[in-house]
Amino acid sequence: MSVCVYIGAVVKLQCNNTKQPREWYGKTDKNGYFLITVEKKLSSFGAHTCKLYLVSSPSPACKKPTNLLHGEEGALLRWPQKPSNFPFELFTVGPFAFEPYNKCL
């Protein structure tokens with residue numbers, strides 16, 4: 001399987017807290033990373049109720065979402081290995097990927 005990485009792929013963070021379901025969106029940079037900022041600490045929404053989804057690719061030639069590390073079905077957030085000294089919390093989900101619609105066989 002060949003995969004594509006593009007600047008501007010869209011991801012969605014969805015938290016399904018029973019009181020207040022919320023969604024936030026982000027776009028990838030040239031390295032495939034993204035940053036989604038939420039207005040409150042994610043722990044107040046219940047990080048365990050949140051999943052990250054692969055939404056769309058900026059390339060029409062490579063826009064079929066794969067389920068690599070649960071990109072289509074929603075990946076659970078993982079806490080970082082080490083605590084950070086930042087005034088915010090960072091989570092990770094691992095890499096997501098798109099594949100071309102027309103594959104060479």
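Which residues point one way from β1, and which the other way? Keep that in mind while reading these notes on a predicted model.

1. Start with the strand itself. V10, K12 and Q14 point one way from β1, while V11, L13 and C15 point the other way, and all of them are buried.

2. Now for the surroundings of β1. Six of its six residues are buried, so the strand is largely enclosed by the rest of the structure.

3. Look at who sits beside it. β1 pairs with β2 in the antiparallel sense, over six bridges. With strand β3 (residues 50-56), β1 also pairs in the antiparallel sense over six bridges.

4. Next, the charged side chains. Searching the whole structure turns up one salt bridge. It joins the side chains of K12 and E23, at 3.6 Å from N to O. The pair links distant parts of the chain, with K12 in strand β1 (residues 10-15) and E23 in strand β2 (residues 22-27), 11 residues apart.

5. E23, at 41% relative accessibility, counts as partly exposed.

Key:
Residues numbered from 1 in each chain as written. Predicted model: local features only at pLDDT ≥ 70, side-chain atom pairs only at ≥ 80, totals over all residues. Heavy atoms only, no water. Salt bridge = Lys/Arg side-chain N within 4 Å of Asp/Glu carboxyl O. Helix = DSSP H or I, 4+ residues; strand = E, 2+ residues; numbered from the N terminus. Buried < 20%, exposed > 50% of the residue type's maximum accessible area, 1.4 Å probe, protein only. Pairing = 2+ DSSP bridges.
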